[in-house]
Amino acid sequence: MSDRYQPKPEHKFSFGLWTVGNVGRDPFGEPVRERLSPVDLVYLLAEVGAWGVNFHDNDLVPIDATPAERDRIVSDFKKALRETGLVVPMATTNLASDPAFKEGAFTSNDPRVRAYALQKTMRAIDLGVELGAKIYVIWGGREGVETDAAKNPVEALKRLREAINFLCEYVIDQGYDLKFALEAKPNEPRGDIYLATTGHMLAFIETLDHPEMVGVNPEVAHEHMAGLNYLHAIAQAWEAGKLFHIDLNDQAFARYDQDFRFGSWNLKSAFFLVKFLEDVGYEGPRHFDAHAYRTEDYEGVKEFARGCMRTYLILKEKAEQWNSDPEIQALLKEINADDGSMDMFKGRYTPEKAAALKMASFDRVALGKRGWAYERLDQLTIEILLGVR
């Protein structure tokens with residue numbers, strides 16, 4: 001294994017306790033791996049070269065733990081972090097698994113459930129901050145419906161807005177250095193989840209009381225479940241200044257949430273994603289929200305984790321090759337050639353510019369005859385990925 005593909009702290013690769021700790025249960029099968037403790041999982045991640053470890057509140061502290069049990073668990077976890085050097089860049093709350101949330105959390109029709117969801121989230125924020133988290137992800141796993149007879153979607157959005165506003169005020173009041181990242185998902189475990197895509201989330205953020213505190217956490221699988229282009233989602237989030245965190249995995253389009261090893265299914269999509277992140281200088285964590293195949297034991301889980309990071313670094317190298325390939329760069333220069341003749345029409349609107357543009361003459365036939373060489377450009381990309389250039 002080449003040393004240049006070994007993860008380093010500066011790569012900021014992180015995994016959730018729920019990823020490497022996944023025991024392989026699915027709707028049709030029982031667990032295939034024993035459950036490891038959070039401390040064991042920290043040492044596993046340190047062994048494979050990860051930089052960070054993330055968690056839901058109940059990944060670390062069981063939902064029914066006593067205060068004394070909670071303090072002991074957190075103390076042991078802190079000790080493991082000190083001994084391994086791993087950091088906690090992000091934390092989140094499980095508002096999906098417990099039966100109390102079967103009808104929703106922040107959008108539930110029961111005000112007691114909504115209040116409990118806020119209480120649980122505030123306590124989880126406290127825990128995340130205690131362990132060093134700077135980003136807090138909110139994923140509304142049960143914030144949706146199977147039948148629209150159940151809820152008024154306008155009221156559901158108002159409840160979501162009220163909850164996020166409340167939590168922002170809580171963070172401000174506590175003096176925490178923490179921002180929120182909203183994670184979209186179109187479906188599963190509920191039939192239709194509110195704010196189903198990153199675009200929905202970006203629009204929603206602008207309606208909040210503190211939009212500057214809230215960004216997004218786009219996930220590859222969640223966008224691909226809806227048949228969307230993940231690169232376009234993160235590009236929009238980046239351009240808006242809202243790409244606070246990312247979840248990397250892989251997924252067949254329009255399937256259930258598969259959470260495959262990064263780059264294992266849509267390799268070209270993964271390539272352009274890595275290229276984008278590296279080209280724009282994304283400095284946040286590169287978090288892998290994925291699971292090993294159910295076929296694996298914990299040695300296989302380690303291979304899964306190493307594979308996620310190794311593939312990212314290989315694709316990073318391929319992106320550097322793409323950016324320096326003479327033929328590719330010559331094609332791009334030709335494709336984007338600009339002789340300056342249209343400069344007078346660029347930029348902001350003015351009445352004079354509009355009048356001049358209306359009078360301008362364009363050779364429509366010649367414009368339609370131009371070939372763009374995109375087939376060649378794409379083939380060169382494939383050849384770089386296949387290792388023949």
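This is a predicted model: local features need pLDDT of at least 70, side-chain atom pairs count only at pLDDT 80 or more; totals for chains, interfaces and linings use all residues.
## What counts as a cavity

A cavity is a set of grid points where a 1.4 Å probe fits but cannot get out. Rolling a probe the size of a water molecule over the atoms shows where empty space is left.

## The enclosed spaces

How many cavities of 30 Å³ or more does the structure hold? There are 2 of them. Let's start with the second largest cavity, which has about 40 Å³ of space. Its lining is made up of Thr92, Thr93, Leu95, Phe106, Thr121, Tyr136, Val137, Ile138 and Trp139. Strand S4 is the top contributor here, giving 4 residues to the lining. Sort that lining by class and you get 6 nonpolar residues, 3 polar ones and no charged ones.

Now for the largest cavity, which holds about 140 Å³ of space. It is lined by 17 residues, and those closest to its centre are Ile138, Gly140, Leu160, Leu195 and Met201. Strand S4, helix H6 (153–174), strand S6 and helix H7 each give two or more residues to this lining. By class, the lining of the largest cavity splits into 13 nonpolar, 1 polar and 3 charged residues.

## The open pockets

Next come the pockets, which are open sets of points. The largest pocket has a volume of about 1,900 Å³. A total of 47 residues line it, and Trp18, Asn22, Arg25, Ser97 and His291 are the closest to its centre. At least two lining residues come from each of helix H1 (17–20), helix H2 (38–48), helix H3 (57–60), strand S3 (90–92) and strand S4 (135–139). Which of these gives the most? That would be H3, with 3 residues.

Of its 13 lining residues, Asn58, Val61, Pro62, Ile63 and Arg123 are the closest to the centre. H3 shows up again, supplying at least two residues to this lining, as does helix H5 (111–130). The largest share comes from H5, with 6 residues. In this lining, 7 residues are nonpolar, 2 are polar and 4 are charged.

Most residues other than glycine have a negative phi, and most peptide bonds are trans. Here are some spots that go the other way. The peptide bond from glutamate 188 to proline 189 is cis, with omega near 10 degrees. Proline 189 sits in the loop between strand S6 (179–183) and strand S7 (192–193).

Leucine 195 has a positive phi of about 55 degrees, although it isn't a glycine. You'll find leucine 195 in the loop between S7 and helix H7 (198–205). Is leucine 195 buried or exposed? Its relative accessibility is 13%, and buried means under 20%, so leucine 195 counts as buried.

Aspartate 259 counts as buried because its relative accessibility is 7%.

Technical notes
Residues are numbered from 1 along each chain as its sequence is written. Side-chain values use heavy atoms; hydrogens and water are left out. On a 1 Å grid over the protein atoms alone, a cavity is a set of points where a 1.4 Å probe fits but cannot get out, and a pocket is an open set with protein on both sides within 12 Å along at least five of seven lines; lining residues have an atom within 4 Å of a point. Grid points are joined across faces, edges and corners, and a volume is the space filled by probe spheres set on the points. Ala, Val, Leu, Ile, Met, Phe, Trp, Tyr, Cys and Pro count as nonpolar, Asp, Glu, Lys and Arg as charged, and the others, Gly among them, as polar. Buried means under 20% relative accessible area, exposed over 50%, partly exposed in between (1.4 Å probe, protein chains only).
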